[in-house]
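Here's a quick tour of one structure. Have the viewer open as you read.

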Amino acid sequence: MRRHDKIVIESFYNTTIFLFFLIMVLITDKTLEQEANKLLEKSIIYYQDKAVGAVAAADSEREALNYDQCFIRDFIPAALVFLIQGKTDIVYNFLTATVGLQKQKRRIDCYQPPTGLMPASFKVESPAEGTQYLHADFGDKAIGRVTPIDSCLWWIILLRAYVKATRDRDLAHSKSFQEALIFILNICLGPQFEMTPTLLVPDGACMIDRPMGLSGHPLEIQSLFYMALRAAREMLIKNDQNKSLINDINSRLGSLNYHLRGYYWLDLKQLNEIHRYQAEQFGESVVNKFNIYPESIPHWLTEWMPDRGGYLAGNLGPGKMDFRFFTLGNLTAIMGSLTTEKQSEDILTLIENRWSDLVCKMPMKLCYPAIEGLTWRIITGCDPKNTPWSYHNGGSWPVLLWMMMAACQKMGREDLADRAMAIAEIRLMNDQWPEYYDGINGRLIGKSSRKFQTWTIAGWLLAKLLRDNPDCLDYVCFEEDTEAIACTI
Ligand code: GLC
């Protein structure tokens with residue numbers, strides 16, 4: 001055979017193999033998408049014949065506990081999927097139902113939720129044939145009695161996404177929605193025993209809803225707070241009555257942004273500074289404002305911090321910095337432009353450089369590293385669900401994929417999100433869409449993990465939809481803020 005003929009046959013062979021794989025990938029992708037859509041549809045709950053939300057998980061093999069309820073935070077990726085698919089009614093119904101559940105009356109005793117709080121979850125109760133009502137849990141029934149502070153923040157973020165998707169401002173401008181917004185803003189911006197712009201919250205007040213050492217000023221809450229304030233400012237009617245509230249929002253946004261960008265930021269340069277910090281400084285213009293002792297830098301971090309890249313610390317308070325990497329807070333900080341352009345790029349560079357720790361076999365770790373030994377005993381109260389590299393304590397949560405996609409798309413790093421999607425895809429369907437994965441590599445399905453977890457399904461679907469519809473990215477992202485009142489401290 002002539003050399004030329006050989007080359008022609010070889011290239012024909014290679015092209016056929018390539019096309020075969022391409023077709024296989026496309027077929028698998030379609031099957032996955034169809035399956036995910038079908039399961040999402042099945043998770044929907046109805047109230048008075050209207051779709052109002054979705055159960056957290058539909059796993060018939062495990063005791064439901066409260067997984068048969070609709071959690072506000074869990075419903076966010078599902079709601080965004082519905083908005084992108086044009087199924088806006090369910091989101092309208094969800095927003096309206098939750099406004100009805102929000103605590104609006106003065107509380108009678110301290111075991112009742114404070115005014116403005118949104119529930120962690122709700123469920124449809126049918127006490128008798130033909131009657132139905134919505135029963136909410138504000139943490140007053142939840143394991144450990146944790147306060148769901150992220151609910152009201154996610155709720156405002158979703159309201160803005162709804163307005164962006166439908167271009168209908170009437171719902172947001174209605175009396176009950178304006179009131180709901182003001183209730184939330186009052187509880188967040190009201191007086192507190194604090195000298196910092198960050199929100200002071202108890203442990204377990206967000207997605208990590210069990211003791212994990214998050215009390216104080218955890219990053220997740222601050223990032224969501226920042227986004228929610230920006231969303232609220234867009235949703236409030238601009239009139240004389242709201243003038244001073246909008247002014248308060250602008251001033252808080254300015255200081256929050258200054259505080260997080262400056263004091264929470266960690267990279268090699270900053271680590272060097274902390275390593276050489278002088279402590280016990282008194283006065284206004286000191287360097288080590290929070291009296292962080294260099295000895296508190298954990299050993300793992302001096303090795304782990306890459307030469308390039310950085311991230312926002314997990315928490316900051318007097319004499320204490322939580323050096324752990326928390327994925328949700330860092331990704332939402334990028335989405336909300338809480339971090340500078342350069343810091344946002346650096347967070348993604350860090351994820352890229354520490355891929356085998358943060359993504360590995362399943363995107364992605366909720367936090368890194370896990371706490372172990374005596375620290376685990378003291379901080380979690382010996383919680384058997386949060387053992388090292390499991391659940392909230394270094395477990396891997398596929399729901400984070402959509403935030404990874406949004407943050408990567410915003411920063412033009414789709415290559416990273418695509419890599420993460422390729423890892424998750426086939427595994428998620430084969431493993432029946434688990435809630436979380438265990439192990440340092442994320443290879444095991446979480447030991448108490450529910451299957452058919454709605455936000456795993458919706459999170460994957462949303463990542464896919466965002467990738468295919470980049471114009472929908474602004475439902476969940478914000479450009480650099482130009483209205484905030486700059487902090488001059
Ligand atoms: C777990 C998660 C929480 C979630 C709930 C329902 O408690 O920690 O974030 O909302 O399950 O899925």
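What follows covers a sheet and some salt bridges.

## Ground rules

This is a predicted model, where local features need pLDDT of at least 70, side-chain atom pairs count only at pLDDT 80 or more, and totals for chains, interfaces and linings use all residues. Residues are numbered from 1 along each chain as its sequence is written, and side-chain values use heavy atoms, with hydrogens and water left out.

## The sheet

Three strands make an open, antiparallel sheet in the order E3-E4-E5. Strands here are DSSP runs of E with at least two residues, helices are runs of H or I with at least four, and both are numbered from the N terminus; two strands pair if DSSP finds at least two bridges between them. E3 (70-71) and E5 (133-137) sit at the edges with a single partner strand each, so one side of each has no neighbour in the sheet.

E3 and E4 (residues 121-125) are joined by two bridges, and Phe-71 has Ser-121 as its bridge partner in E4.

## Salt bridges

The whole structure holds 19 salt bridges, each a side-chain nitrogen of Lys or Arg within 4 Å of a carboxyl oxygen of Asp or Glu. Take Arg-73 and Asp-150, whose closest N and O atoms are 2.6 Å apart. Arg-73 lies in helix H2 (residues 72-84) and Asp-150 in helix H4 (residues 149-166), so the pair ties together parts 77 residues apart in sequence. Arg-73 is buried at 7% relative accessibility, and Asp-150 is buried at 0% (buried is under 20% relative accessible area, exposed over 50%, partly exposed in between; 1.4 Å probe, protein chains only).

Lys-164 also pairs with Asp-474, at 3.6 Å between the closest N and O atoms.
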